Amino acid sequence: MKIFSAAQIREADAFTIAHEPISSTHLMERAAGQCAAWLEDHYSPSHPVYIFCGKGNNGGDGLVIARLMLGHGYDVHTCILQHSSKASPDHEHQLRTLQQLHPTGIYTIGDVSDFPELPPNAIIIDAIFGTGMSRPVDGWVAGIIHLINDQRHKHPIIAIDMPSGLMADESSVHNPVVQAHTTLSFEFYKLAFLLPENAPYAGDVHILPIGLHPDYITQTPARYHLSDREMMRTIYRPRDPFAHKGTYGHALLIAGSYGKMGAAVLSARACLRAGVGLLTCHVPQCGTQIMQISEPAAMCITDEDAHYSTHFHKGISSAGYKAIGIGPGIDKQPGTAKSLEMLMDAWQRPMVIDADALNLLSVYPYLLYKVPKGSLLTPHPKEFERLFGKTANDIARLELLSKKAVELQLYILLKGRYTAIACPDGAVYFNHTGNPGMATGGSGDVLTGILTGLLAQEYTPKAAMLLGVWLHGYAGDLAAAQLSQEAMTASDIISSLGNAFREGI
Ligand SMILES: NC(=O)C1=CN([C@@H]2O[C@H](COP(=O)(O)OP(=O)(O)OC[C@H]3O[C@@H](n4cnc5c(N)ncnc54)[C@H](O)[C@@H]3O)[C@@H](O)[C@H]2O)[C@H](O)CC1
Ligand SMILES: [K+]
């Protein structure tokens with residue numbers, strides 16, 4: 001699913017009006033009609049409805065919602081903020097219609113002292129600002145937003161299209177923003193909903209279709225995307241009935257060190273469950289028995305070093321591997337860095353780089369430029385910061401992520417509630433599978449294994465990244481459904497991978 005900017009959404013709006021064709025008034029009726037239907041499905045007429053409207057089209061939506069809910073027997077109070085002397089034409093039109101129908105339930109708000117007293121089971125609808133927000137809210141309008149937020153423990157707050165004060169494509173950090181429980185957003189996710197710094201604002205997001213023109217949606221390129229099942233269906237390749245174990249590639253996993261062999265075992269198991277044909281694990285001497293006993297399907301190469309892997313580059317180009325994954329539990333010894341450098345000098349195909357291998361790239365930044373083009377880097381936010389530096393906000397971090405992916409020609413993901421996957425062509429994909437139960441030791445090692453396994457099966461690096469992150473999150477969701485977010489562990493993600501392949505694609 002494409003994620004359009006506020007400017008593109010305005011274009012989609014105008015395109016629909018011109019090409020469906022439909023008047024802007026009717027488009028607003030359609031959008032607000034969807035919201036009213038959702039609200040009426042979720043709240044009975046016993047709830048007084050307080051609608052806060054701005055003077056643009058978001059406020060216009062609020063006025064239509066007011067009229068429709070009044071018509072269905074709700075006790076509606078419409079509060080119009082006088083933040084501007086001029087209203088949009090559609091707002092003016094909708095206000096006239098509402099005034100004729102219900103002149104007594106309309107109030108104007110020109111200061112914080114005008115904020116109404118809310119009866120106990122009232123619901124609050126926030127229709128102050130939508131995608132037309134041009135600058136941070138200040139003055140008494142900011143005061144009204146704070147007063148709305150003060151009600152959030154007593155009254156449900158439902159935002160129309162966007163929580164007011166939140167900018168669709170810019171950072172809103174330190175700005176006053178409505179903290180909604182629910183956001184009813186039109187047609188598309190907005191980039192702002194996917195950023196961790198905006199976690200307090202949108203609540204549960206429901207995307208309501210309002211029939212924006214399909215030609216605009218298919219023809220207009222978007223920089224940001226949200227991964228979905230449809231996308232996974234186009235990526236996934238069912239197995240060939242005539243396959244043998246050579247068909248699905250031979251992966252090499254370089255993982256584990258003294259005291260961290262668990263990371264290597266988790267990664268190896270995940271790689272096998274992702275469908276790899278053959279797996280070899282390069283481990284230090286202390287790890288060979290552990291690996292061989294824990295995972296009989298994996299072959300082992302034992303390093304010359306007792307506790308750390310420092311000689312994994314040897315013979316790499318002639319070994320016939322299809323993919324290499326490196327990082328889980330390898331530690332940051334200078335010998336490991338040296339071997340990584342020699343490996344990257346000899347190995348030109350895309351590889352998966354995670355955990356301590358990423359930390360080695362931040363300790364020896366010149367190594368970053370030796371990473372084979374098209375490789376997959378999987379940092380969590382701290383590793384990302386160590387690699388590429390701090391940023392002022394999440395939008396700046398996203399820009400930096402995308403810039404580095406283009407500059408280095410790599411696929412770089414940034415782990416989070418919505419993991420962002422930046423591609424060498426500048427596109428960024430957000431993934432929505434997964435849950436906070438996966439914020440636990442070992443779940444990153446599992447992802448490395450999955451990605452390495454898919455890469456070895458000759459999925460393209462982009463396909464491996466999108467599908468791997470999706471399956472990892474989906475398996476995590478299945479594990480949480482069975483065991484709870486608290487009790488699930490990284491091993492449970494691996495156990496659920498089979499059902500993720502079956503049900504998640
Ligand atoms: N295509 C769609 O998705 C549809 C969207 N609709 C709704 O329309 C709004 C966007 O409406 P627009 O009039 O462009 O902007 P807003 O209502 O969000 O705000 C404009 C209004 O606010 C003033 N303003 C902007 N920033 C500030 C500020 N910081 N402080 C004070 N005032 C500010 C500005 O001057 C205007 O007066 C979209 O979100 C949907 O809700 C349509 O209903 C149909 C299709
Ligand atoms: K709003």
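Guide: Let us begin with α3 and α4, where α3 passes α4 in a left-handed crossing; please bear in mind that this is a predicted model.

Visitor: At what angle do the axes of α3 and α4 cross?

Guide: The axes of α3 and α4, the latter spanning residues 89-101, cross at roughly 25° and come within 8 Å. That angle is under 35 degrees, so α3 counts as roughly parallel to α4.

Visitor: And which residues of α3 and α4 meet there?

Guide: On the α3 side they are Asn57, Gly59, Gly60, Leu63, Val64, Ala66, Arg67 and Leu70, and these meet Asp90, His91, Gln94, Leu95, Thr97, Leu98 and Leu101 in α4. By class, the contact of α3 with α4 divides into 7 nonpolar, 6 polar and 2 charged residues.

Visitor: Switching to ligand 1, which residues come nearest?

Guide: Gly56, Asn57, Asn58, Gly130 and Gly132 come nearest, out of 32 residues around ligand 1. Two or more residues of that shell are given by each of α1 (6-19), α2 (24-42) and α3 (57-71). The largest share, 5 residues, comes from α3, and Asn57 also belongs to the α3 side of the contact with α4.

Visitor: How does that shell around ligand 1 divide into nonpolar, polar and charged?

Guide: The shell around ligand 1 has 13 nonpolar, 13 polar and 6 charged residues.

Visitor: What about the overall layout, and which domains does the assignment give?

Guide: The domain assignment of the chain gives domain 1 as 2-221 and domain 2 as 229-235 + 248-503. Taken over C-alpha atoms, the centres of domain 1 and domain 2 are separated by 42 Å. Their contact takes 7 residues from each of them, domain 1 and domain 2, and the side of domain 1 that touches domain 2 has 4 nonpolar, 1 polar and 2 charged residues.

Visitor: Now towards the end of the numbering: how do α14 and α15 pack?

Guide: Helix α14 (residues 443-456) and helix α15 (residues 461-483) pack at about 140°, with axes 9 Å apart, and they are therefore oblique to each other. The crossing of α14 and α15 is right-handed. In α14, Val446, Leu447, Ile450, Leu451, Leu454 and Leu455 meet a set of α15 residues that includes Pro461, Met465, Leu467 and His472. The residues of this contact of α14 with α15 are 11 nonpolar and 2 polar, with no charged ones.

Visitor: And α8 against α14, what is the handedness of the crossing?

Guide: The crossing of α8 and α14 is right-handed; α8 covers residues 261-273, and the two pack at about 40° with axes 7 Å apart, and α8 and α14 are therefore oblique to each other. Among the residues making the contact are Leu266, Arg269 and Cys271 of α8, together with Asp445, Val446 and Ile450 of α14. The residues of the contact of α8 with α14 divide into 8 nonpolar, 5 polar and 2 charged.

How values were computed: Residues are numbered from 1 along each chain as its sequence is written. Chains are lettered from A and ligands numbered from 1 in the order in which they are written. This is a predicted model: local features need pLDDT of at least 70, side-chain atom pairs count only at pLDDT 80 or more; totals for chains, interfaces and linings use all residues. Axes are lines fitted to C-alpha atoms, for helices over the stretch in contact, and angles run from 0 to 180 degrees between N-to-C directions. Helices (H or I, at least four residues) and strands (E, at least two) are DSSP runs, numbered from the N terminus. Angles under 35 degrees count as roughly parallel, over 145 as roughly antiparallel, 65 to 115 as roughly perpendicular and the rest as oblique. A crossing is left-handed if the near helix is turned anticlockwise from the far one by less than a right angle, and right-handed if clockwise. Two residues are in contact if their C-beta atoms, placed from the backbone, lie within 7 Å. Ala, Val, Leu, Ile, Met, Phe, Trp, Tyr, Cys and Pro count as nonpolar, Asp, Glu, Lys and Arg as charged, and the others, Gly among them, as polar. A residue is near a molecule or strand if its C-beta atom, placed from the backbone, lies within 6 Å of it. Domain bounds come from an automatic or database domain assignment.
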